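I opened the notebook to look up a few points in one structure. The entries follow in the order in which I checked them.

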Amino acid sequence: MEEKAVASAGCWEPPGPPRAAVPCFSVTVEQDDILPGALRLIRELRPHWKPEQVRTKRFKDGITNKLLACYVEEDMRDCVLVRVYGERTELLVDRENEVRNFQLLRAHGCAPKLYCTFQNGLCYEYVQGVALGPEHIREPQLFRLIALEMAKIHTIHANGSLPKPTLWHKMHRYFTLVKDEISPSLSADVPKVEVLEQELAWLKEHLSQLDSPVVFCHNDLLCKNIIYDSDKGTALHAPQMQRT
C-alpha cells in the first residue's frame with residue numbers, strides 16, 4: 001500500500017508579517033526515478049487533475065538539481081515544477097535558508113510562488129519565458145533589464161532590517177569541505193588549503209573595513225538561471241538566491 005503524503009507541522013515560517021504556510025510533505029523523490037514521487041506530490045497539490053492526463057517535461061539545464069515539470073494543458077498554464085536536490089548538495093546549500101529567502105523574494109515579486117517542500121526538494125510555480133544564453137545577455141535591452149532586477153533584489157531588507165552576512169562563514173565552511181571531502185582529488189596546480197586560508201584571512205581583514213552594505217545576492221547567476229518573458233518584459237531570476 002502506498003504511503004500517503006503527509007503535511008508536516010514543522011515547516012519553517014519566515015520572519016516578518018504572517019504569510020500563508022507552505023505545506024511540507026513527507027515524500028522523498030528518488031533521484032533516478034523522479035516520476036512516481038513527483039506524481040504523489042501532484043495528487044496533493046492538484047487533486048482535481050486526472051492522473052492519466054498529467055504530462056511531464058524534464059529540464060536538463062541544471063548542474064546540481066533535477067527538475068521536472070508537471071502539467072495538463074498544452075501551454076503549461078498552472079504547471080508545477082518539481083525540483084529534486086542533488087545528492088549531498090546540503091553540504092553546500094542551507095536548505096532552510098533557501099526556503100526562507102524564496103518566500104521573502106516572492107513577497108517582493110522577485111521569485112515564483114512556492115507550492116510546497118518535501119524531504120529532498122520543493123515544488124514551485126512555472127515561469128513562462130526563455131532561459132537565457134550568453135548570446136542573449138549581450139543585448140543592451142536584456143542586460144539593462146537584468147541589472148534592474150538585480151538592483152531590486154539588492155534593496156530587499158528582511159523585516160525592515162539588514163540581513164546578517166554569511167559570506168565569511170560560508171567560505172570557512174567550504175574550506176572544511178575541501179579538507180574533509182575533496183582534498184585528495186585537487187590538482188597539483190591548486191594552492192594548498194593553508195595558503196588559501198591565509199588569503200581568505202587577508203581578504204576578510206581588508207574588505208571588512210570598507211563598510212560596504214550587506215545585501216541579498218543571487219550567488220548562482222548563470223545565464224540559464226535567468227528567465228526572460230518577452231511578452232511581459234521581465235527577466236526573473238531562478239530561485240537560487242541566498243544572502244552573502
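Is Y174 buried, exposed or partly exposed? I found Y174 partly exposed, with a relative accessible area of 32%. The cut-offs I used are under 20% relative accessible area for buried, over 50% for exposed and partly exposed in between, with a 1.4 Å probe and protein chains only.

Before going on, I noted that this is a predicted model, in which local features need pLDDT of at least 70 and side-chain atom pairs count only at pLDDT 80 or more, while totals for chains, interfaces and linings use all residues. Residues are numbered from 1 along each chain as its sequence is written, and side-chain values use heavy atoms, with hydrogens and water left out.

**Y174 and its patch.** I placed Y174 in helix α5, residues 167–182. Helices (H or I, at least four residues) and strands (E, at least two) are DSSP runs, numbered from the N terminus. Y174 belongs to a nonpolar surface patch with L92, L167 and M171, and together they have about 320 Å² of accessible area. Such patches take residues with over 30% relative accessible area and no salt bridge; nonpolar side chains (Val, Leu, Ile, Met, Phe, Trp, Tyr) are joined within 5 Å, like charges within 9 Å. A salt bridge is a side-chain nitrogen of Lys or Arg within 4 Å of a carboxyl oxygen of Asp or Glu. Areas come from the Shrake-Rupley method with a 1.4 Å probe; for residues, only the protein chains shown count as cover.

**R95.** I found R95 in helix α2, residues 95–107. R95 is buried, at 16% relative accessible area. Its side chain makes a polar contact of 2.7 Å with that of T89. For this I counted a pair of N or O atoms within 3.5 Å; within protein, one must be able to donate a hydrogen and the other to accept it, and residues adjacent in sequence count only if both atoms are side-chain atoms. Beyond four places in sequence, R95 is in contact (heavy atoms within 4.5 Å) with N65, R83, Y85 and T89.

**Strand β5.** I looked next at residues 114–118, where 5 of the 5 residues are buried. Which sense does the pairing of β1 and β5 take? Strand β1, residues 24–25, and β5 pair in the parallel sense over 2 bridges; two strands pair if DSSP finds at least two bridges between them. F118 in β5 stands opposite F25. Strand β6, residues 121–125, runs antiparallel to β5, with 4 bridges. L122 in β6 is the bridge partner of T117. I noted a hairpin formed by β5 and β6, with 2 residues between them.

**Whole chain.** I counted 6 helices and 11 strands. Of the 244 residues, 38% are buried.
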